[in-house]
Amino acid sequence: MHNEEFTGRVAIVTGAAGGIGRESARLFAERGASVIVADINLAGAQDTVDIITAGGGAATAVRVDVASAVSVKEMVAATIATYGRLDIAHNNAGIKGADETIVDMPEEVWHAGISIMLDGVFFCMKHEIPEMLKVGGGAIINTSSGAGLIGVARFSNYVAAKHGVIGLTKAAALEYITQGIRINAICPGTARSQMVEEWMQGSAEAEASVAALHPIGRIAGPEEIAEAAVWLASDAASFVVGTAMSVDGGYTTL
Ligand SMILES: NC(=O)c1ccc[n+]([C@@H]2O[C@H](COP(=O)([O-])OP(=O)(O)OC[C@H]3O[C@@H](n4cnc5c(N)ncnc54)[C@H](O)[C@@H]3O)[C@@H](O)[C@H]2O)c1
């Protein structure tokens, strides 16, 4: 029963002010979950909540900086204070790659990529897992990238963080599967979002050249990525543990 499958469950989605995270939050809510819509951009998170509540779903916006362990701890505490439990987490917040060679990349740009996209996933799991253990299990989906599986020049901070997310996901999956928590990663190809629009800067040629990297011949809608995350959280994925699932129109198959 598609619509009711997450009824009674509580989900956190980080990076949910737009793009993939907004669609993931929307789909979890549409299928019955109560959703914490977490982002550093609180206004955007509130817009996502408004979309969900207009559709009859339950959601609450929480400001979080995933690069801060204290802020992440507060996000999880707010989840418990609001909905009383935690069953599902989609750790998805991210920033775009640097577009710099390694030699030219300022140290702070390197550290921003690693702290938001790798430390952030670590901090989230560190605080989410104890709450899932209290309810006897759960599911975590970490957003990696096609760039977590292959190299991309001038994106080393992003590529390193996203490769790291896959390793972290696999280690965590092995640590917690015997206690009922399934932990997996998704590796999206290019999907339409704020991050990608900024990078393509409205240029049809830029979009065509990015689309051409994907054997399917186009970029994704963010909901096509979110569907995979939501499926990994569902009971239909009950035997899927520690995988890095490509959702990329064939990008990493070339
Ligand atoms: N869109 C793509 O093509 C694509 C491809 C592969 C992977 N991804 C990954 O998908 C995830 C979602 O990205 P998106 O494409 O939807 O872009 P997006 O820019 O729409 O979403 C990213 C969100 O993360 C939030 N964020 C940034 N720093 C944060 C922080 N410190 N704390 C909390 N939130 C923070 C942003 O405010 C934003 O809402 C990212 O991890 C990204 O790396 C995206």
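**Ligand site, pockets and cavity**

A polar side-chain atom of Ser193 lies 2.7 Å from an oxygen atom of the ligand. This is a polar contact, defined as a pair of N or O atoms within 3.5 Å; within protein, one atom must be able to donate a hydrogen and the other to accept it, and residues adjacent in sequence count only if both atoms are side-chain atoms. Taken alone, the ligand exposes 810 Å², of which the protein buries 92%. Accessible areas come from the Shrake-Rupley method with a 1.4 Å probe; for residues, only the protein chains shown count as cover.

The model is predicted: local features need pLDDT of at least 70, side-chain atom pairs count only at pLDDT 80 or more, and totals for chains, interfaces and linings use all residues. Residues are numbered from 1 along each chain as its sequence is written, and side-chain values use heavy atoms, with hydrogens and water left out.

Backbone atoms also approach the ligand. A backbone N or O atom of Val66 lies 3.0 Å from a ligand nitrogen atom. For Gly94, a backbone N or O atom lies 3.4 Å from a ligand oxygen atom.

The shell around the ligand holds 28 residues, each with a heavy atom within 4 Å of the ligand. The closest are Asp39, Asn92, Tyr158, Ala191 and Ser193. By class, 13 shell residues are nonpolar, twelve polar and three charged. Here Ala, Val, Leu, Ile, Met, Phe, Trp, Tyr, Cys and Pro count as nonpolar, Asp, Glu, Lys and Arg as charged, and the others, Gly among them, as polar. Helices H1 (19-30), H5 (156-176) and H6 (194-200) each supply at least two shell residues. H6 gives the largest share, three residues. Helices (H or I, at least four residues) and strands (E, at least two) are DSSP runs, numbered from the N terminus.

The space taken by the ligand is the largest pocket. A molecule sits in a pocket or cavity if more than half of its atoms lie within 2 Å of its grid points. On a 1 Å grid over the protein atoms alone, a pocket is an open set of points with protein on both sides within 12 Å along at least five of seven lines; a cavity is a set where a 1.4 Å probe fits but cannot get out; lining residues have an atom within 4 Å of a point. The largest pocket contains about 1,100 Å³ of space. It is lined by 44 residues, and Gly94, Ile95, Lys96, Ser193 and Met195 are the closest to its centre. H6 contributes five residues to this lining, the largest share. The lining comprises 22 nonpolar, 17 polar and five charged residues.

The second largest pocket has a volume of about 170 Å³. Its lining includes Arg9, Asp87, Arg182 and Asp235. Three of the lining residues are nonpolar, five polar and four charged.

One cavity of 30 Å³ or more is found. The largest cavity has a volume of about 40 Å³. Grid points are joined across faces, edges and corners, and a volume is the space filled by probe spheres set on the points. Val66 and Asn92 are among the residues that line this cavity. Helix H4 (residues 107-134) supplies the largest share of the lining, four residues. Five lining residues are nonpolar, four are polar and none is charged.
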